[in-house]
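Below is a predicted structure. Work through the questions with the model in view.

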Amino acid sequence: MSAVIVANLTISLWVVAGSLKRLRSTTLPTAAWCAMTGLGSAAVAQSIELINPAQSTGWVDLGWYFAAVVLLCPGIAVLGARRPGASAWAFFVLLPLVLVLMWPAVASFQVARPTDPIEIEVPALVGFGLVLIMSGGNYFGTRYTLSTLYYAAAIVLLVAPMSAAVPDIFPERSTARFIASLAILLAIAETHRRSKAAAEVGISRLDVLWFDFMDSFGMVWAKRVMDRINESARHEKWTMQLELHGFVPFAESPSADEMLRTKGRIEHTFRFLLKRFVDPEWIDIRLRTTPAGQAPPDEAQDSPTVSRN
């Protein structure tokens, strides 16, 4: 079983590493690096158990708990993925978060008796759960909802068996880690599949840009950008407003000149707002005119897609 777990984690790590090229024009590489660090730590911990299963229970538990804590960080990293503070977020938020969440496990770890498993107390478990909700909740409602559910379930399976306070419905630690490694693999595979899907037929290029931003950065940033867009729409008397499902006209039959002016202002405003999250090239790819139902030529290398199914 240990060998299968290591294999699942290695495949997941390889897929996430491959996404770095696609994220290079955004503020999201920190999230990818956090995921890679967590997966790598889990693979190392499981390898230790594979080599010396009887004498290293405490070290293995500590390694897996560290992996679970770091795997929380990608979602938290996205919440701070706005220039110019995106780089500082890792040092002033992510690092303290890891140190705070790790302390209960470190306190439980017995260096003199590495064969003893660590135990996580209820307050630490509650705090861990609150951070998990913050980390994953941002993507509920996006096309990555199912991936987020898989990912969150995996993290719960990694941590819950380490506490004596959880119900007996959870499997023992080794089995839970095996299931968690499968759930992580499923989450990453589903994310990869959704990011390669073709765009819906007839979708406008502005909606392509909106959906890609919302799905990449989550509902928190999407809501803030939507509010700014609609504030400009009211102030400048546009013929359209932005909702979660895309741009919709205020009136039933706006004139062609009004629509053209509004679309020009929307694009200008989008570029101004999104420059704190992505490079101009990221926006250009999504605003490129393409045949209906097809992704832009560079879409597979540079961005997720906008299929809403």
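Q: Does Val 126 count as buried, exposed or partly exposed?
A: Buried means under 20% relative accessible area, exposed means over 50%, and partly exposed lies in between (1.4 Å probe, protein chains only). Val 126 has 47% relative accessibility. That value makes Val 126 partly exposed.

Q: What kind of model is this?
A: Residues are numbered from 1 along each chain as its sequence is written, and side-chain values use heavy atoms, without hydrogens or water. Local features need pLDDT of at least 70, side-chain atom pairs count only at pLDDT 80 or more, and totals for chains, interfaces and linings use all residues, this being a predicted model.

Q: How many helices and strands does the chain have?
A: Helices (H or I, at least four residues) and strands (E, at least two) are DSSP runs, numbered from the N terminus. The order is α-α-α-α-α-α-α-α-α-β-β-α-α-α. The count is 12 helices and 2 strands.

Q: What share of the contacts in the chain between residues at least 6 apart in sequence joins residues at least 24 apart?
A: A contact means heavy atoms within 4.5 Å. Of the 309 residues in the chain, 49% are buried. Among contacts between residues at least 6 apart in sequence, the share joining residues at least 24 apart is 73%.

Q: Where does H4 bend?
A: H4 (residues 57-79) has 23 residues, and 19 of them are buried, so the rest of the structure largely encloses it. In H4 it is about 30°, with Pro 74 following within four residues, and it falls at Cys 73.

Q: How many residues apart in sequence are the parts tied together by Arg 143 and Asp 212?
A: A salt bridge is a side-chain nitrogen of Lys or Arg within 4 Å of a carboxyl oxygen of Asp or Glu, and Arg 143 and Asp 212 form one at 3.4 Å, N to O. Arg 143 lies in the loop between H6 and helix H7 (145-159) and Asp 212 in helix H9 (residues 205-236), so the pair ties these parts together. Arg 143 is buried at 5% relative accessibility, and Asp 212 is buried at 0%. The separation is 69 residues.

Q: What separates Arg 193 and Glu 190 along helix H8?
A: Their side chains meet in a salt bridge, 3.0 Å from N to O. Arg 193 is partly exposed at 47%, whereas Glu 190 is buried at 13%. Because they are 3 residues apart in H8 (residues 173-196), the separation is about one helical turn.

Q: Which residue forms a salt bridge with Glu 267?
A: Glu 267 is buried, with 19% relative accessible area. The closest N and O atoms are 3.6 Å apart, and the partner is Arg 205.

Q: How many salt bridges does the whole structure hold?
A: Asp 61, Glu 119, Arg 173 and Arg 177 are linked in a network of them. The search of the whole structure finds 13.

Conventions: The expected span of a helix is 1.5 Å times one less than its number of residues. The bend at a residue is the angle between axes fitted to the seven residues ending there and the seven starting there.
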